[in-house]
Every structure is written in C-alpha cells, then in structure tokens.
Amino acid sequence: MHLETVRTHEAKIAGASVALPIVQLDARKAIALLMVIDMGIRFGDRVGEALAAHFAALRPEIVVGSATLGIPVAIEVSRRLGIDHYVILQKSPKFHLADALVEEVRSVTSTAPQRLLLDRRSVPLLQGRRVLVVDDVVATGSSMAAALRLVRRAGGCVIGAGTILTEGHAWRSALGEDAALLHGLGHIPQFDMIEGEPVADPATVADAFVERRIFLKARAPQTRKPSAA
Ligand SMILES: O=P(O)(O)OC[C@H]1O[C@H](OP(=O)(O)OP(=O)(O)O)[C@H](O)[C@@H]1O
C-alpha cells in the first residue's frame, strides 16, 4: 500500500509551532495553508489574545474583519478587547448589499478579481471611530489594502492592522505607508515548485526582509582596494 505524506511547513504563530500543509497552487507555485476554521478553539483563543494584547494600548473602538476567514479573527479579537460589535466586510453580493460600498480585490488564492463589500448600515459603527482591521493572512496585501480603503471611505480612522500570518513580502509594496500599521503573529515564505517539490523562496523566508538586508549591508566588511605592490 502506498501512503502519501502531506508536506508541511512549520510556522511559529504567537510563539507556538504549527505544522501547515503545503498545497500546490499551479505548476509553479505552492502555499503553506492556514485554515483558521480548522484550527480549534484554543488556537482561536491564542491568536485573539495575542492580537488584542498587541493593539490594546492603541485603544481600538471597533474591529473590522474580511470574509470569510477574517471573520473568526475579528470575533476573537473583539471578545478579548471587550468590544461587543464588530464589522465584517463581505465578498458575496447579497440582496441587502445592493448599495454597499465596494472595493475590488484580487487575493493570493483567487484567480479572478473579487469584490469586498461594506454594508452601508455599518458605516455609523466606523465613522470617526478608532478602527482595528484584522484578517487571517496577508499575502499580496490586496485584501488588506481594500479593507483599509473601505474603512476610510466610511470615515473610520485606522489605528492598526493585525493578521495571524504574513506570507512573503509583496504586501509591503501593496500597502505602502500602511505597511507600518501591520502586525503579524507569524510569517510564512512563498513556495516555488521545483522538480515537483515545493521549495521555500529564500528571499521570502525571513519576516523582516527589508530590515535584515539593511542590517546585513551595514555589517558587510568593506572591500579593500588592491594595494599597490
Ligand atoms: O493578501 P491577499 O493576497 O489579498 O490574500 C489574503 C486573503 O486571502 C484569503 O482570502 P480569500 O480571498 O482566499 O477568501 P476566503 O477568506 O473567503 O477564503 C485570506 O483570508 C485573506 O483575506
């Protein structure tokens, strides 16, 4: 009998090790997959606690999460911050969302552009409020950037953005100055398929890529000019 072993990537999330299955996206790419809805109650407790603890000093008044997998994150973080209401940005166009505020998004897992929708009835919850935006993963940064645009269009003041995982570094340029608002509890690299095997792209392994490069450059020994003989 042939037993196929699932390849996994060991990620550190809020200080604990989590084995994530590596799933092939296409002939060239694979991802380490975090399905937050399959991780159980204690995992939700841990990430909710860690994100709330990180942002509490910034006194968020409302938490915003993006459907689908950002929903449990928004609920857990709101619970830990002691905030009763939260706002979910939706992806499925529903009858009652016909006049919603809309932003286009193309996330790492989607092949076609999607729409992120903010129900106009939630606008008063955001207007003039200190808003924390959360999601499960930030990869290309497209979803988080669209969420931030929606919150600001609704008159909210974004005080922070939290995620369980950052994936690669593309999100830094997608978010621009807002990248400084983002706090991730863990980081995963991007994977290339090489000869049928997923291989972590070395440029995306460290979670502090930019800072690390500057650090290494500063420490690099100066090249000496060849001395005249
Ligand atoms: O940084 P990005 O490239 O935008 O990727 C991150 C987004 O991708 C996933 O959502 P997805 O679109 O798969 O929808 P889902 O939550 O409904 O699974 C995830 O939940 C984030 O919202």
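Modeller: Residues are numbered from 1 along each chain as its sequence is written, and side-chain values use heavy atoms, with hydrogens and water left out. Because the model is predicted, local features need pLDDT of at least 70 and side-chain atom pairs count only at pLDDT 80 or more, while totals for chains, interfaces and linings use all residues.

Colleague: What makes residues 210-216 and 222-229 stand apart in terms of pLDDT?

Modeller: pLDDT is the predictor's confidence in each residue, from 0 to 100, and the mean over the protein chain is 89, with 88% of the residues at 70 or more. Over residues 210-216, however, pLDDT stays under 50, and the model has three contacts for them beyond four places in sequence, a contact being heavy atoms within 4.5 Å. Residues 222-229 are also below 50, and that stretch has zero contacts in the model beyond near neighbours in sequence. The scores of the model are ipTM 0.97 and pTM 0.88.

Colleague: How do you know how many helices and strands the protein chain has?

Modeller: Helices (H or I, at least four residues) and strands (E, at least two) are DSSP runs, numbered from the N terminus, and on that basis the protein chain has six helices and 12 strands. Of its contacts with a separation of 6 or more, 60% are between residues 24 or more positions apart.

Colleague: Where does the record place a domain?

Modeller: An unreviewed UniProt entry places the feature "domain: Phosphoribosyltransferase" at residues 48-171; UniProt positions are given in the numbering used here, feature names are shortened, and annotations may be inferred rather than shown by experiment. In the model that span is 31% helix and 31% strand, and its end C-alpha atoms lie 22 Å apart.

Colleague: Why is Leu150 called buried?

Modeller: Buried means under 20% relative accessible area, exposed over 50%, and partly exposed in between (1.4 Å probe, protein chains only). Leu150 has a relative accessible area of 0%, so it is buried. This residue is found in helix H4, and, leaving aside neighbours within four places in sequence, Leu150 is in contact with Leu89, Leu101, Val102, Glu103, Leu116, Leu117 and Leu118. Across the 229 residues of the protein chain, 42% count as buried.

Colleague: What makes Ile22 buried rather than exposed?

Modeller: The relative accessible area of Ile22 is 16%, and therefore Ile22 is buried. Ile22 lies in strand S2, and its contacts beyond four places in sequence include Ala30, Ile31, Ala32, Phe191 and Pro198.

Colleague: What makes the largest pocket a pocket, and which residues lie nearest its centre?

Modeller: On a 1 Å grid over the protein atoms alone, a cavity is a set of points where a 1.4 Å probe fits but cannot get out, whereas a pocket is an open set with protein on both sides within 12 Å along at least five of seven lines, and lining residues have an atom within 4 Å of a point. The largest pocket is lined by 27 residues, with Leu69, Ser107, Val108, Thr109 and Asp136 nearest its centre. Strand S3 (29-32), strand S8 (130-138) and helix H4 (142-153) are the elements that give two or more residues to this lining, and S8 gives the most, with four.
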